[in-house]
Amino acid sequence: MVVRLLYFAWLRERLGCAEEEVTLPAGVDTVGALLGWLSARGEPYRQVLTETARIRSAVNQDFASDSSPIRAGDEIAFFPPITGG
Amino acid sequence: MAFIRVGPEDFDLGQEMAALRGEAGDIGAVASFIGIVRGAAGAPITAMTLEHYPGMTERAIARMAAEAEMRFALSACRIIHRTGCIPIAGQIVLVLTAAGHRKAALEATSFLIDWLKVAAPFWKKEHLAGGMERWVDAQAADDSAAARWQSS
């Protein structure tokens with residue numbers, strides 16, 4: 001299935017990518033599985049995305065966790081803990 | 001229904017206050033919070049860049065504003081959060097609330113800024129003298145400030 005990925009703040013800078021579309025193999029159907037699949041693509045994904053304690057996620061613009069399901073067409077975002085206000 | 005604006009434009013407290021009072025009708029109190037870019041001891045900050053997640057930001061703020069309006073029976077509410085590069089001493093965020101009495105207005109303002117800091121997808125980058133820059137780390141104190149509203 002095809003999903004859209006967004007990266008923000010230092011994740012965006014260190015990956016050198018703000019947004020990409022990826023085709024996921026069967027079985028990659030949660031945020032946690034997606035992080036594992038992305039890390040397996042090699043650097044810089046492996047290094048950046050394994051800092052899991054410092055990474056937050058959202059699916060279709062709602063905060064998500066590793067167990068959150070993902071479906072074809074979803075917009076999945078990865079970012080650091082929030083520092084606004 | 002709260003007024004929400006996210007974007008690079010600066011704001012004027014007087015104008016926003018007048019707009020709030022126009023929307024609120026018969027009220028007894030207004031409260032405000034303005035967040036400002038400050039320098040940090042030992043780190044000569046020259047400016048701050050605010051990045052956000054367009055779409056999700058507005059949704060997240062609308063959700064917390066709706067909760068504040070209900071919980072504190074607000075008559076009106078305005079939230080402005082700037083994005084992009086803001087120089088030191090520049091305004092970052094405005095929370096304005098109007099209610100029948102002071103307690104509701106003051107508490108709603110505090111509730112909103114505490115939640116904005118942990119639940120609206122913004123990220124700050126500090127620009128330092130000499131061209132260095134660094135992303136600001138999230139503060140555990142911000143999480144506990146927001147969490148206290150869950151138990152009360």
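**Close-up views of a two-chain model**

**View 1. The largest pocket.** The largest pocket has a volume of about 510 Å³. The model is predicted. Lining this pocket are 24 residues. B:Arg38, B:Met48, B:Lys124, B:Glu126 and B:Val136 lie nearest the centre of the largest pocket. By class, its lining divides into twelve nonpolar, five polar and seven charged residues.

View 2. The volume of the second largest pocket is about 340 Å³. Its lining is made up of 18 residues. Nearest its centre lie A:Arg56, A:Phe63, A:Pro81, A:Ile82 and B:Val118, so named from both chain A and chain B. Elements of both chains give two or more residues to the lining of the second largest pocket. From chain A these are helix H2 (31-39), strand S3 (56-59) and S4. From chain B they are H3 and helix H4 (140-151). By class, the lining of the second largest pocket has nine nonpolar, four polar and five charged residues.

**View 3. The interface of chain A and chain B.** The contact takes 21 residues from chain A and 27 residues from chain B. About 1900 Å² is buried between the two chains. Carbon and sulfur atoms give 55% of that area. Three residues, A:Gln61, A:Thr83 and A:Gly85, supply 36% of the area that chain A buries against chain B.

View 4. Five salt bridges are found across the interface of chain A and chain B. One salt bridge links A:Asp62 with B:Arg59. The closest N and O atoms of that pair are 3.2 Å apart. Between chain A and chain B, 17 residue pairs are in polar contact, both residues at pLDDT 80 or more.

**View 5. The side of chain A that touches chain B.** Helix H1 (9-15), strand S4 (62-64) and strand S5 (75-79) of chain A are the elements that give two or more residues to this side. H1(A) gives the most, with four residues. By class, this side of chain A has eleven nonpolar, five polar and five charged residues.

**View 6. Two backbone details in chain A.** Most residues other than glycine have a negative phi, and most peptide bonds are trans. A cis peptide bond joins A:Glu43 and A:Pro44, with omega about 0°. A:Pro44 sits in the loop between H2 and helix H3 (45-49) of chain A. A:Ala9 has a positive phi of about 55°, although A:Ala9 is not a glycine. A:Ala9 lies in helix H1 of chain A.

Definitions and conventions
Residues are numbered from 1 along each chain as its sequence is written. Chains are lettered from A and ligands numbered from 1 in the order in which they are written. This is a predicted model: local features need pLDDT of at least 70, side-chain atom pairs count only at pLDDT 80 or more; totals for chains, interfaces and linings use all residues. Side-chain values use heavy atoms; hydrogens and water are left out. Contact means heavy atoms within 4.5 Å. Buried area is the accessible area (1.4 Å probe) that two parts lose on being put together, summed over both. A salt bridge is a side-chain nitrogen of Lys or Arg within 4 Å of a carboxyl oxygen of Asp or Glu. A polar contact is a pair of N or O atoms within 3.5 Å; within protein, one must be able to donate a hydrogen and the other to accept it, and residues adjacent in sequence count only if both atoms are side-chain atoms. Ala, Val, Leu, Ile, Met, Phe, Trp, Tyr, Cys and Pro count as nonpolar, Asp, Glu, Lys and Arg as charged, and the others, Gly among them, as polar. On a 1 Å grid over the protein atoms alone, a cavity is a set of points where a 1.4 Å probe fits but cannot get out, and a pocket is an open set with protein on both sides within 12 Å along at least five of seven lines; lining residues have an atom within 4 Å of a point. Grid points are joined across faces, edges and corners, and a volume is the space filled by probe spheres set on the points.
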